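Visitor: I'd like a close look at a single part of this structure, please. Could you walk me through it?

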Amino acid sequence: MAKNLLIVESPAKARTIEKILGEDFEVRSCYGHIRDLEKEDMGIDLKNKYKPRYFVPDEKQKVVRELKTIAKKSGEVWLATDEDREGEAISWHLCEVLGLDPNTTKRIVFHEITKPAIQSAVQHPRTVDMNLVNAQQARRILDRIVGFELSPVLWRKMSMKNNLSAGRVQSVAVRIIAEREREINAFAAVSTFRIEALFTAKDISGKNVVFSAEGRKFSREADAEEFLKSCTNAKFAVTDIQVRPGKKSPAAPFTTSTLQQEASRKLGYSVSRTMVLAQKLYESGQITYMRTDSVSLSETAMENLKSEISNKFGRPYYQQRAFKNKNESAQEAHEAIRPTYMENMSVEDADCRRLYELIWKRTMASQMADAELEKTIAIIQISTNKEELKASGEVLKFDGFLKVYREDKDDDEITEDEHQEGMLPPLGLNQLLPLAEINATERFSRPLPRYTEASLVKKLEELGIGRPSTYAPTISTILKRGYVEKRDKEGMIRQFRILKLKNNIISKLGSQETTGAEKSKLFPTDLGLVVTDFLKLYFDDIMDYHFTARIEEEFDEVANGKLAWNIMIDEFYLPFKKDVDNTIEKAERISGERELGIDPVTGKKVIARMGRYGPMVQIGEQNDEEKPKFAKLKNTQSIETINLAEAMELFRLPRILGSFEANEVSVNIGRFGPYIAHDKKFYSLGKEFDPYTISFEEATPIIVEKRVAKEQRTIKVFEKEKIQLLRGPYGPYIKQGLRNYKIPKEKQEHVEGLELNEIKAIIEDVKANPPKRVPRKKKSS
C-alpha cells in the first residue's frame, strides 16, 4: 500500500514528525515558500482585481520536482505547514503547484510537535482556510504595491544611488526611531538637588547600622543650601511608622513579542537570533509554536504545571491563573509559548539552552503564587524647620513565583527614584535618631532612551502595527537598508555638585559621572531621517501610526472572512496612486540640506547634506567659479547635529603624515572608508584607528604588515590584464578588477603552473555558467 505524503516547511520538523507517525507516512519538507510574485510589473494585474502572478523561483525548482514525483506515488497528500497565515498560504501554494484540490486536501495544524498533538491532528484534519490565505495574500500584495510605487519616487527625488526602497511597516518603524532621536537631541537636562539623610540605629542584634531617608527636591542650589542651614543643631524624631502588606504577581507566559523583549534584556539576544533559536526548539519538539500573540495555556499544560510546581516547591507555591489578551485580535495561534514537557528543565543543545530555560522559568512562574512583601515607611520630622524625611524598607515574607523568575524592565520603565529597598532597623514612635550627615546631591533629568530591538517591538505592538510573524523581518529590513544602525554610544563626563551637612558644618564638593552611554541601541541614519521627512510630507497616510494599525485590523477582518481582500486593496490603492503621481510631478528633489555657517578662510557657505554616497559637508556651491569641496561625515556625526567647527575639522583630510621609503604617507577617507596611501598603493584602516588622529609611527607598521600579507597570498600577477592569482581562506582564486572567480578543484593542486590563457578560460567559463545560489531554508515574505 502506498504511503501517505505529509509536507512540512523545514527538514528538522520533518525528521521529528516522521519519527512520531511511523511507517504509514513519508514526511518531506518544502523549505518554506515555494512560489513568489513575479518581478515584472509588480507581479500583480492591477486591472483584474489585483490578481497576483506567481512563479516558482529557480532555487525551488528541484524541491517542487521532487515533491511532484513523490506525490504521484503516494496514496494521499497531507499538508502540515505552520498554523499561522504564512503557513496557510504555503499550503495553498502547494495545492496549486502539485495539482491538489484545496477544498478536499487534508490540512492539519498543531501547536506543539509531540506524539499526542500530532496524532490528534491526524485524526481531526481540515482543509485549507482560504480566508487565512487571502489575508496573507493581501499583506503580500499591498506591501509589494507600496514598495514598487514608492521606491522609484525616492530614486527620482533624492540625490542618492538608485538603491533606495520604502516599505509600509518598515517606514513607520523608522519614523518611530527618528522621532525618538529628535526628542533626545532637543532635550535640555534640568538639574535638581535631592536630599538624602543618613542616620544610625541599632538592628535586631544590637549593632549600629546606617540607613537613609529622603526629603523633597530643590530646583536651585541656594534653596538646597538654605535647607541644610536650617537643619543645623536639629533633632530628628520618628513621628509615624506605617507597615503595609504588599504583593507582586507573575507576568503572563510568553508571546512572540514578550519573548523577544525578555531575551534581549536577560540574554542580550537580537530579535532575529531569538526567533532562529525558538524555531529550532519548536521543530525539535521542545516548545510550542513560537509565532503567537496569545497568552493562554492548554488544559493539559495547566495540569502538568500544577503537578510540577507542587512536586518541586510544595502546594503553597501553586496558584492557577488564566491570563487574558490585551489585544482583542490575537489569533495568530491559540496558545502561549511554553515547553512541551514541563518536567524538562533544560535541553542538550548548547545554543538553545539559555532561551529554553528562560521559557521554562517564565511558564512555571505564570502559575505560581504571588510574592508576599511587607513594606515599612517611617516619617522623620526635623525639629528646626518642620520638614519631613521618609525612610522606607521592604521585607520579602514569601517568595512565591520569585523563587523561579523575575521579569526585567526596559530603560524607559525604570524611574529616577527607583532603587532596591533594603530592610530598616527596628524603629519606634518618637525615637530620636542620631544624624550622620545630610547630602544635597545634584541630579539631572534624562531623556527617554533610544530604542533597542526589543523595545521597538514593544512599541510596534502597542501601536497595533505588525503581527508576531513580521517584527523580526521588519527590524532586519530597516537595518539592511541603512535607514537605521545598531551601535553603542560612548558616555560623556558630566560634573555635578554636592552640598554636605556633617557635624553642623556645610561643605561644598564637586564630583563627576558618566552620562549618555548606551549599548546596542537603534540610531536613525541621516538617510533614514531624510527619507522619513520626505515620506511624512508627501505620504502622510503611509507614515501615520493609526492608519497603519487600521490596515492591520483590515487584514484581520480578511482572515475572519468579514472583508474581501481585493476590495481592501482597492480602497488603499486608488488614493495612494494619486499621491504617487502627484509627488513625482510636483515634489522638489531633497537632500536634507542644512546650512552651518560661513567658512572663515574662503567666506563661502558651509552646508551639510546627503550626497550620492551618504551624508557629507560641502564648502561652496555648484554655481561658484571654483568647484565646491566635500568631506564625508564620521559615523558618529549627523547632518542634524553637526556644527560649523566640527564640519571644518573634517576638511583636515587628506593628512600628510611624513615620508617612508622616500614616498609620502597620507591618510584619507574614500568610498569604502578610511585608508593610508603610500607609493601609489592603498591600505585600508581598521576601526581601531581614527584617520584624524593616527600618527606616522602608527601608520608605517600597517603599510609593512599589509604589504607582507599581500605578498604571501599573491601567487601570480598579470599587470596588463589586471588579473591576480591569489590565496584565500577557502583556497586559491582569480581576481580581475573587483570580481573574484573560483578555480575548479581539479586545477587547484597545480595552481602555480596556470598560464594566462588557462586563467582567461576559467573566467569565461564562470561568466557563462554562474554558480547558482543556495536556496534559503526560511520563509520568504
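Which residue caps the N-terminal end of helix 5?

Guide: Happy to. This is a predicted model, in which local features need pLDDT of at least 70 and side-chain atom pairs count only at pLDDT 80 or more, while totals for chains, interfaces and linings use all residues. Residues are numbered from 1 along each chain as its sequence is written, and side-chain values use heavy atoms, leaving out hydrogens and water.

The cap is Asp129: one of its side-chain oxygens lies 3.0 Å from the backbone nitrogen of Asn131. Helix 5 itself covers residues 130-157; helices here are DSSP runs of H or I, at least four residues, numbered from the N terminus. Its 28 residues reach 40 Å from first C-alpha to last, close to the 40 Å expected at 1.5 Å a residue (1.5 Å times one less than the number of residues).

Of those 28 residues, 21 are buried, so helix 5 is largely enclosed by the rest of the structure. Buried means under 20% relative accessible area with a 1.4 Å probe, protein chains only.

Phe576 touches Ile145, Val146, Glu149, Leu150, Phe539 and Ile542, not counting residues up to four places away in sequence (contact means heavy atoms within 4.5 Å).

Conventions
Helix = DSSP H or I, 4+ residues; strand = E, 2+ residues; numbered from the N terminus. Buried < 20%, exposed > 50% of the residue type's maximum accessible area, 1.4 Å probe, protein only. Polar contact = N/O pair within 3.5 Å; in protein donor to acceptor, adjacent residues only side chain to side chain.
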